[in-house]
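Hi,

Here is the structure I said I would pass on. Have a look at it, and then read my notes below.

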Amino acid sequence: MKVLVLGASGFIGGAVARALKARGDDVVVTARSDEAESALCDFDVRRAELGDPAAMAAAAEGARAVVHAAGLRRRDLSRKQLGWTHVAGTENVLKAARHAGVSRLVFVSCADVTLTKGPRVHWNEDRMPERPFDAHAETLAKAEDAVIGACDRALRTVVLRPAFVWGPGGRGDAPGPSDLGTAVELCAEGRERGLSLYGAGRRFVATTYIANLVDAVQLALERTEGDGSILNVCDAELSLAGEFYAELSRALGIPAPQRGLGARLSRLTRGSGTDAAEVLRRSQSHSFAPERARERLGFEPPTSHVEGFKALSSWVAERGGAADLAARGQRSE
């Protein structure tokens, strides 16, 4: 099957592209610059960006499916910047897919589209806060609506919502314009003092190991029962934040997590944007109902936390350890 993967220079998109190629699919990826094209030299690369639907349509020519994993991670950008990428960009992808005759489109969103100041316990895909937490959540929600609204007999679409995505991968694999990847970012953050929990660590944390997310993407490309759906994609285990981040820190080779200020005080002292969102992720309980992905995709997370921590530890060691990864993250800030 020929598949166009958007966002292949990033952590998630890169993992998807590599897995699809490994299983024998004909994978096409897009790049916006010479640097990006060089970093993706193992793939069939087409020069295109979300703002250019004609270039996107040319890149999708002959593809049966599109995996849209491109987007902006920073939450401190303006609503206009986020809207151009998440909303207008996704609409351009949909137009390009139709023009090229693509029959399936999988959009990788994130559970943070439902981010709110309180806990989210066993939230299903239909539950949304009364108002978006910020412009990032607002524009992603609009992108999701566009993808689901576009589903018809000619173009089948599905939205996947992973929780906190973790595991090996990111810029530690190769130099390039990709996002850093969770492992590199966490090493940069926690190398000296450990990760901050913003509380006692007794809250639930919903997680998605990268290989489990890739498995869900592959199922979404093959199964029709999920068409027109938004589906939560999470690990089988639901852990307490203190326990999960302690195991994650051991796998990364960084100091144990540090208990921080209470969630409310932390939000007041750390400001807004990315920091405020991260405080909420680590200080409030989050869990998401997995039944819909199980019923419509047959999704059962193939990788356990124990297996994921072991793979992550090996990946970090192969790249020189936490200190080297942290240095890469700091140089990229």
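Start with the loop between α6 (182-190) and β9 (204-205), because Tyr198 lies there and counts as buried at 7% relative accessibility. Keep in mind that this is a predicted model. Tyr198 isn't a glycine, yet its phi is positive, about 55°. Most residues other than glycine have a negative phi. His122 is another residue with a positive phi, near 55°, and it isn't a glycine either. You'll find His122 in strand β6 (residues 120-123). With 46% relative accessibility, His122 is partly exposed.

Now for the aromatic rings, which make 7 pairs. In one of them, the ring centres of Phe164 and Phe244 are 6.1 Å apart and the planes are at 90°, so it's an edge-to-face pair. Phe164 belongs to strand β8 (residues 164-166) and Phe244 to helix α8 (residues 241-252), so this pair ties together parts 80 residues apart in sequence. Both Phe164 and Phe244 are buried.

Phe244 also pairs edge-to-face with Tyr245, at 5.3 Å centre to centre and 80° between the planes. The relative accessible area is 1% for Phe244 and 2% for Tyr245, so each is buried, given that the cut-off is under 20%. Phe164, Phe244 and Tyr245 are part of one aromatic cluster, which also includes Trp166, Tyr209 and Phe309.

Last, a couple of charges over rings. Arg282 has its charged end over the ring of Tyr245, 5.4 Å from the centre. Lys21 lies over the face of Phe43, 5.2 Å from the ring centre.

Cheers

Note on methods
Residues are numbered from 1 along each chain as its sequence is written. This is a predicted model: local features need pLDDT of at least 70, side-chain atom pairs count only at pLDDT 80 or more; totals for chains, interfaces and linings use all residues. Side-chain values use heavy atoms; hydrogens and water are left out. Helices (H or I, at least four residues) and strands (E, at least two) are DSSP runs, numbered from the N terminus. Buried means under 20% relative accessible area, exposed over 50%, partly exposed in between (1.4 Å probe, protein chains only). Rings of Phe, Tyr and Trp (its six-membered ring) pair if their centres lie within 6.5 Å; planes under 30 degrees apart count as stacked, over 60 as edge-to-face and the rest as tilted. A charge sits over a ring if NZ of Lys or CZ of Arg is within 6 Å of the ring centre and within 35 degrees of the ring normal.
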